[in-house]
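Here's a quick tour of one model, with the cut-offs spelled out as we go. Have a look at the structure first, then read on.

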Amino acid sequence: MPQDQARAESRWTAAQIRADARRARRAAFKRQLRARLWLAIQLAVGAGSRLIGGAGVVALASVAHVTGVTAHLDGFIYDLMVAAAPDPAPTSRRVTLIDLPADPNLAPLPGHDWQRLIDALAGAGARLIAATVPPPDGVTPPARVPLVIGTPVAPVPERPGQWAPIGGSGAPDDPVVAIALPEHGVHRRQAVTLETSTGVRPTLEATIAARLGGPERVPVAPFLIDYRGDPDAMPRLAAIRVIDGGLVPGLVDGRVVVIGPAPAPGTRGLTVPLRGLAEGLSPLKVHGYALETLLGARAPRPLTAVETAALLAVAVLIGYLIQRPVSGPASQLVFAATLVAVGALSFGALVGFDLVVPYTALTAALIAIFAVVRIDRARTRHRDLTRLVLALAARTHERLFPQLPETSQEQWGQIIIMVSQVLNLRRAIFLEADPVHPQVREVAALGCAIADIAEKRRDSRRPPYTDAIAAGSLIPLDRRQFLAPLADGTDSQFLAPLVFGGEVMGFWCLTVAADEGTPMPQFVGAVDRFSAQIAERLYFRRELEASRQASEQPPARVDERARLETQLRRMVLLLERRQVLLECILNREATAKIVYDLFGNVLQINERMTEAVALRDIRPFALSAVEFIHAVSGIAIETCRSYIRVVVTARQRLYLPVYLDFSGRQFVLALASIDRLGDRDVGGIDDEAGGGLLCELIDVSYVDALHQMKQEIWQFINMSLRNDLEAVLLAAELLADPRLKPDDRPSTITLFQDAADQARSRLADLQDFADREGHLAALDICPTPPRDLLERLIEARRPAFAARGIAISFDAPMLPALVLAGPDALDAGLGAILDLLAEDAHDDATLSIAIDEQEVVTTIHLSAPGFGLPDDQLHAYLAGTKPTDSDTFLAIRRLAMVIEAWQGRLVSHAEPGAGYRFAVALARVI
């Protein structure tokens, strides 16, 4: 049965594992499907918004063009194009103008002269003769040459759109002679028909074009006059010259001759889009250009509404395709080039195809699509930036706080206990500031509660909260007690603000025993460091609560920009703190390190490396990785390149010998490849960029120190065992001596046994030391010869002592026992004691140093007569309860702190007028 039950449980466990795996795969598939659907929706919405934006641009530009919003600017651009257009071929001229006298001081042309004029023109081969003013009665038309007589009309001010004959002249069936009203002051068009009091009548130009070219030659609406070319290229003759026989037949033969009054002297002509016309153009010449336009079928044709919309759609599409892949200053150059190209195409369409392109509408559409592209690109960048920042914020939070300690109240209890123990606090309470209301609330407390706060309003806008915010650091609460006093007396209370990213997250009230006095700067600095990390915890606590509330409540409108900026600011602050922390850790490394990227540029270097290479005057930032390895190791350049190739490609770790002398220090150069940190990719940031080359200078000088230590240990052991063995041998010789008296034999045997026990005890101590060697190495302590260390310290200070006449009294055994200590810390502490004694000693005093060996303890006594100070003040300096800026006292204090880990102690005494006395007790090794 137990086996069946075990098999059943095993099958159930396997089935449960498979079910969990299936559920995990389904959940992953659903997450991936949701992500892809959301991406597809975003792409569809983006494409739809771009399509709607482009269609809106086309519609707005088309409506603006059709409704005449852009007519004035279009007319101005059209005039510039017409003025810049080249001259047409001279053979295309079909009209000749005849000027009648228009001087009011001269009599009108009599009827017989009219007849002679018409006959002369007909005899010269005129195709058709037209008169813009009716000739006198009795003038007969010539045979075989049509004569068209127009009736001059003028607009009726009282009736817009109607025209009336001037002076009631002309037959009712004759065409009317008039020039269409100007557009914004410029005569660009000519009418085909005009509404008069006798009905709708055709214009003179329309009648002539219909008679010569057929009705299909006549447009149905007012047409643009083709003013292109030189204004003096159209032949123009005076009627008197023709009557007098000065007619050149080539100027009339096969052409339409238009007879009309010349402009009166001193009058200004009509404004037309022709270059080089300061005085304008005469009405007769305008009629000539209009007739020339119809006869030559060269009337510039504006695009229809449908053609304009299609052209705008094509232009918007091309503009979008051109602007989309370009960004930055290049996009502005491309946009300017696009406008120039549109202008050139518009001019070419007018010159080559007689098409009037709506340049203003095109330009407006391109400007609009350029703005749409910029806005779309900005929105896309903002969306991508938002996604990147939020993803990096989540990734940063995941890497820096993988276990989310801010979410656990138990963790907060551990935090407050930790800070209370480290800072020796009596009471402590963390208060969180509400982001909406000014009240504060309790997060965690030790030895008190929020009900103990005397400030019952708990308003962060009132003192002492505002005082702590203004100070930006720990402030004392001396004027009144913030927390209710303890039953056994008062305590010193302090308040510190908790600030993260420039925002007050809360406050920290803490108390210490009143007899400890004013906190030292080191205490204030420790509180500030703890406060920064606690504020960080409070920020993540608030973010977690906000995310939980958002998941439980319907979504609300939020300021996305403010949220993005907040996340970015927090993330940068977190990364800066982590970077500073990592740099501090790197600088505290005992090994000298320098990091290069894959191209040989320096990425990071710690202080140990800077100090080490400074011994050889090597500047790492001015050297590549290969040059640095060559400069440090002394190995040939080519060999260094091959080593780097092996490290980077094969990703092997190499150790190279260092042949150069670093002021007596010996190093080994280690090379290693830094590989990518992970397989995740957020926002296009690839961790492959983290690759590089790590160079480490490993100090192996300790090998010599270990060798020397080994020699000292074996020298001491050999001397001790030799003395013990000599005693054993001496006792053995006495026992073997036949001259030994029987009465002396017991004492000799006792001597023999004592010497053997002494040797056995030393061997046991040696075995005990060998068993503790690993533990001692972990504590960074080792057997240290006190006499040698003191002799080195004295020799280094002997010149300074001699300058003041201070004598040295050094009493020590020739071969004192080794003591357990950290050589560097003991060296710094004893050196500081010697400096303090020398600074305080009288001139010509004697500095006494003695080494006293007991069975398990070796005590170093140091004293000198001097000025001294009160003993309680010395103890306050060394205990850290009284601040001091003296490096000497700080070094002695550090020795007093670490000496307890060595199973020793530091005893000090001071007396005014007597000086200092110190006793450094250390455990013996053997």
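## A buried arginine

First, a term: a salt bridge here is a side-chain nitrogen of Lys or Arg within 4 Å of a carboxyl oxygen of Asp or Glu. For charge, Lys and Arg count as positive and Asp and Glu as negative, while His and the chain ends are not counted. Buried means under 20% relative accessible area, with exposed over 50% and partly exposed in between (1.4 Å probe, protein chains only).

With that in hand, take Arg255, which is buried but makes no salt bridge. The nearest side chain of opposite charge belongs to Glu292, 6.4 Å away. Arg255 sits in the loop between α5 (239-243) and β12 (256-261); helices (H or I, at least four residues) and strands (E, at least two) are DSSP runs, numbered from the N terminus. Leaving out residues up to four places away in sequence, Arg255 touches Arg93, Arg94, Val95, Thr96, Gly125, Ala126, Arg127, Leu128 and Pro235, where contact means heavy atoms within 4.5 Å.

## Ground rules

This is a predicted model, so local features need pLDDT of at least 70 and side-chain atom pairs pLDDT 80 or more, whereas totals for chains, interfaces and linings use all residues. Residues are numbered from 1 along each chain as its sequence is written, and side-chain values use heavy atoms, with hydrogens and water left out.

## The sheet around β15

Five strands make an open antiparallel sheet, ordered β16-β15-β19-β18-β17; two strands pair if DSSP finds at least two bridges between them. The edges are β16 (440-446) and β17 (475-476), and each has a single partner strand, so one side of each lacks a neighbour in the sheet.

Strand β15 (residues 427-433) pairs with β16 over six antiparallel bridges, and the two form a hairpin with six residues between them. Within that pairing, Glu432 is bridged to Arg441 and Leu431 to Glu442. β15 also pairs with β19 (residues 503-513), again antiparallel and over six bridges; there, Arg427 has Thr511 as its bridge partner.

How many residues of β15 are buried? Seven of its seven. One side carries Arg427, Ile429, Leu431 and Ala433, and the other Ala428, Phe430 and Glu432.

## Nonpolar cores

A nonpolar core is a set of buried Ala, Val, Leu, Ile, Met, Phe, Trp, Tyr and Cys residues joined through side-chain atoms within 4.5 Å. The largest has 53 residues, and Ile208 and Tyr227 have the most contacts inside it. Helix α9 (residues 359-400) gives the most to this core, with eight residues. A second, separate core of 42 residues includes Val819, Ala838, Ala845 and Tyr877.
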